[in-house]
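Hi,

Here is the structure I promised to pass on to you. Have a look at it first, and then read on for what turned up.

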Amino acid sequence: MKTVFGKIYISQLAATCFVMVLMAGIFSFAIRVSVSNWNTGKKGDLERLLIPVVLKSYRLSGRLSPSDLEKSLLPYITDSLYVFLLDSERRPVLLLQQGRNRTLKEIEQSTGPFSSFLSLNKPVPVEDSGTVVAWMLVDSVDFFAYKANQVFISTMQKAVAVGAVAAVLLSLGFSMLTSLNISRKSSELADTIASPSLLDMDVRETGVQEFDRIAVSVRGLQQRLKNEEELRRQWMQDISHDLRTPVTAVKMQIEGMEDGVLPANRERFSALYSELTHIERLVNNLQDLSRFESPEMRISPQPADPGEIAAGIRERFSLPAESKGIRFSCAAVWPAGRPLFCDPLLLQRCLSNIVQNALQYVRDGGCVRFLLDEEPESGAARIRVLNSGFIPEEDLPRIFNRLYRGDRSRSTAGSGLGLSIAKAVVALHGGSVQAENVSAGNLPPELRLPDDAAENAGENGGTFVLVTVLLPQPEAEIRAV
């Protein structure tokens, strides 16, 4: 398995080698261009120098005299130059090479067929008053024929080689320092994350932006783990309390019947059965919550009738609400002909838990309203449950936690898992659920109460608790309406 040190070190070394190769290619190309420009410039200078000399000799003798031309050109000829003069028909007149006159045969021994040489090296015209009187080929030997040029190029090559070696060595050292530093910081961060005492460790920033983002995320993880640990402890305490209380009651009653202190009659067995039923309900709810929150849990939404869902809620809770003098209304306002996609059984349980919780914490004479409609912006199914009451702001984020109860004494009925199960069911549908306190004046128009009911319904200055559930719907079904 590759390490951070190895990857960074190899990457930087490879980048350095790539840059060195690229620079070597650029340097080589620049040398070739420079040599070519030097040769071209040198040839042009020679042509501009020798053409007037040839014209002068031509004008003085009235013809292209090889002897006169040789005398005129020899002072300008060096061992590194050649000058070939041709007549107007491109026939050789004078062939000077390495400071002396040569025959055509001697020239062809070094250049090959002279006609081929002319096709590769275009002669320049020598004109007198616009008439071509001769053609001339002149050139210097190659750039590298000069000792000074050879020394210059050799020195440049050595300098580049030494610079490349120095750059690679410096890169190796810098890459090692950088890689070791980053590797050390990543190892420290990894050791911190893997430490059994992560919750108590101080995760410090490293000065590297990416690592600092990880450090910030780790600190957030620490806080979440602390919160989860606190919730776990509280959950275990609550489970122990909720199980220990009925178990103790059952145990004491059985001991009392065994000792003859309590009568073993029908009423006593009915009380025992009630306690056992409470234990069974708590265990079943815990099992269901665990199943709903499991990553393997999946649902298959199917079309359901929103009216039937609302009717089921109305039928189940109308009588309990009436017995407590609670104003209870239940309605569904949904586009005609379009079904609501959900798991009907799970959704009924979710909504029943929310409504039951609302009824449980509403004082006698209060109100509970249930409304199922469409969220205008997204087309999602929106279920709102409004009840007259108030939840402290610090408790609002926790009401969906496992075993949370608004009654701190835990004297109210229920297991404290109803809203947790509701939240898990909503999550299975890909939706969201939230609770908020809303003043009577800020209630949505469709949830407002009649004036006579509103006067007596709200608590804490006319405040209501509003629970909103949003369930996304298939886009194709929304567009079809």
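Rings of Phe, Tyr and Trp count as a pair if their centres lie within 6.5 Å. Please keep in mind that this is a predicted model. On that definition, the structure holds five aromatic pairs. One of them joins Tyr 82 to Phe 84: the ring centres are 4.8 Å apart and the planes make an angle of 35°, a tilted arrangement. Both Tyr 82 and Phe 84 are buried. Ring pairs also tie Tyr 82 and Phe 84 into a cluster with Phe 114 and Phe 117.

Now to the helices. H8 (residues 306-323) and H9 cross at roughly 30°, and their axes come within 10 Å. Angles under 35 degrees count as roughly parallel, so H8 is roughly parallel to H9. The crossing of the two is right-handed. On the H8 side the contact includes Ile 309, Ile 313 and Phe 317, and on the H9 side Leu 351, Val 355 and Leu 359 are among the residues they meet. By class, the contact of H8 with H9 has eight nonpolar, four polar and two charged residues.

H9 (residues 344-360) also packs against H10 (residues 418-428), at an angle of about 145° and with the axes 9 Å apart. This crossing of H9 and H10 is left-handed. Among the residues in contact are Leu 346, Cys 350 and Ile 354 of H9, with Ile 421, Ala 422 and Val 425 of H10. The contact of H9 with H10 divides into 10 nonpolar, three polar and one charged residues.

Best wishes

Definitions and conventions: Residues numbered from 1 in each chain as written. Predicted model: local features only at pLDDT ≥ 70, side-chain atom pairs only at ≥ 80, totals over all residues. Heavy atoms only, no water. Axes fitted to C-alpha atoms, helices over the stretch in contact; angles between N-to-C directions. Helix = DSSP H or I, 4+ residues; strand = E, 2+ residues; numbered from the N terminus. Left-handed = near helix turned anticlockwise from the far one by under 90°. Contact = heavy atoms within 4.5 Å. Nonpolar A, V, L, I, M, F, W, Y, C, P; charged D, E, K, R; others polar. Parallel < 35°, antiparallel > 145°, perpendicular 65-115°, else oblique. Phe/Tyr/Trp six-rings, centres within 6.5 Å; stacked < 30°, edge-to-face > 60°. Buried < 20%, exposed > 50% of the residue type's maximum accessible area, 1.4 Å probe, protein only.
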